[in-house]
Amino acid sequence: MEITLRELVTSIHGMLFGGFFLMALFGAIVLLLDRSNPARSNPDSTSAQPASRWQTLYLIAMVAAGWAAVLSGAYVIYPWYRAVAPAGADLALYPQRLLMSHSTTTGWHNFGMEWKEHVAWIAPMASTMVAWVLLKHRAAWNAHRPIRTTVLGFAAVAFLAAMIAGGWGAMIDKKAPVQGGQSFQLMGSTK
Amino acid sequence: MTEIQLVPQNPANGPIAAAVLSCAIGCFLLGVLAVAADGSKHLANALNFYHPTGPLSGVTTIAIALWLFCWAVLAARWRNKTLAFAKVSAFAFVFLALGLLLTFPPFGDLFLGR
């Protein structure tokens, strides 16, 4: 059972960074909804307990995963995806060229990848802001409903952007997987 | 930019308003740069900061730099101010929605006349 370097890195990008980011962002939205419950917030309060240690670590890990996903995608995997194929090369190693070589698959690049490569960045930007407000301005968050509503809205948009990017990434990788590079033996081969 | 009306007798919400508005402006600029780079070969070449990644490297680097710069400037200006947060929030959601829309290829193509 083997996996190539590019397949391994793509899995880390999508399933580890991207997957964890999506799950963590969903968890953060649940946390925000819970904290937005009027019974749990105190409109008269101008001070609040600071975020617990686990919440701080959780939000920092969420933001780090989001940035790791977009940076690894743009600077490691995307160059493999968009590499120019030499004449006569096997297009299986050049996903963008493979998709563009058939009229039935060009949309996966012209629409899917073009949308994914840009919309993805909105997710870590917005989630960074959300985490920063939750960690640094807990008192204002606790006291003001408009702030809670706005931050929750940005978290929802971040989730939507991450869903779009992750969904298209998964589908494009099914049509034209990023592969190649050194192979690693994961388990001994069976007869 | 429209001056946001000050509302007294509330705790300062300026730093949060700065974070929210700058994030939305950053997302909007990301969309604007993405469409502009798609429509102009000259701009696309100028934004090609890292050749293997292409113009995407410049589009995102500039957008993030402008977002952080905007955040720093607004945070410094609004550090001790209390703003009409609903108005800031409305502006922010408009910028955020436009940013999202501009990343959607058919919407960007409308601007480019394709």
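1. A crossing of two helices is left-handed if the near helix is turned anticlockwise from the far one by less than a right angle, and right-handed if clockwise. By that convention α1(A) and α7(A) cross in a left-handed sense. The model is a predicted one, in which local features need pLDDT of at least 70, side-chain atom pairs count only at pLDDT 80 or more, and totals for chains, interfaces and linings use all residues. Residues are numbered from 1 along each chain as its sequence is written, while chains are lettered from A and ligands numbered from 1 in the order in which they are written.

2. Chain A has seven helices and two strands, taken as DSSP runs numbered from the N terminus (helices H or I, at least four residues; strands E, at least two). Their order along the sequence is β-α-α-α-α-α-α-α-β. The radius of gyration of chain A, taken over C-alpha atoms, is 21 Å, well over the 16 Å of the globule rule (2.2 Å times the number of residues to the power 0.38) for 191 residues, so chain A is more spread out than a compact globule. The C-alpha trace of chain A spans about 70 × 40 × 25 Å along its principal axes.

3. In chain A, 40% of the 191 residues are buried, meaning that 20 or more other C-beta atoms, placed from the backbone, lie within 10 Å of the residue's own. Of the contacts in chain A (C-beta atoms within 7 Å) with a separation of 6 or more, 85% are between residues 24 or more positions apart.

4. Helices α1 (residues 5-36) and α7 (residues 145-175) of chain A have axes that come within 10 Å and cross at roughly 155°. Axes are lines fitted to C-alpha atoms over the stretch in contact, and angles run from 0 to 180 degrees between N-to-C directions. The pair is therefore roughly antiparallel (over 145 degrees). Their contact has 17 nonpolar, six polar and two charged residues. Ala, Val, Leu, Ile, Met, Phe, Trp, Tyr, Cys and Pro count as nonpolar, Asp, Glu, Lys and Arg as charged, and the others, Gly among them, as polar.

5. Between the chains, 30 residues of chain B are in contact with 29 residues of chain A. On the chain B side, α1 (14-39), α3 (55-77) and α4 (85-103) each supply at least two residues. That side comprises 21 nonpolar, nine polar and no charged residues.

6. Helix α5 (residues 122-136) of chain A packs with α1(B) at about 180°, the axes being 10 Å apart. These two helices are thus roughly antiparallel. Residues in their contact include A:Met125, A:Met129 and A:Trp132 of α5(A), and B:Val20, B:Cys23 and B:Leu30 of α1(B). By class, twelve residues in this contact are nonpolar, one is polar and none is charged.

Methods:
Two residues are in contact if their C-beta atoms, placed from the backbone, lie within 7 Å. Angles under 35 degrees count as roughly parallel, over 145 as roughly antiparallel, 65 to 115 as roughly perpendicular and the rest as oblique. A residue is buried if 20 or more other C-beta atoms lie within 10 Å of its own, exposed if 12 or fewer, and partly exposed in between; C-beta atoms are placed from the backbone.
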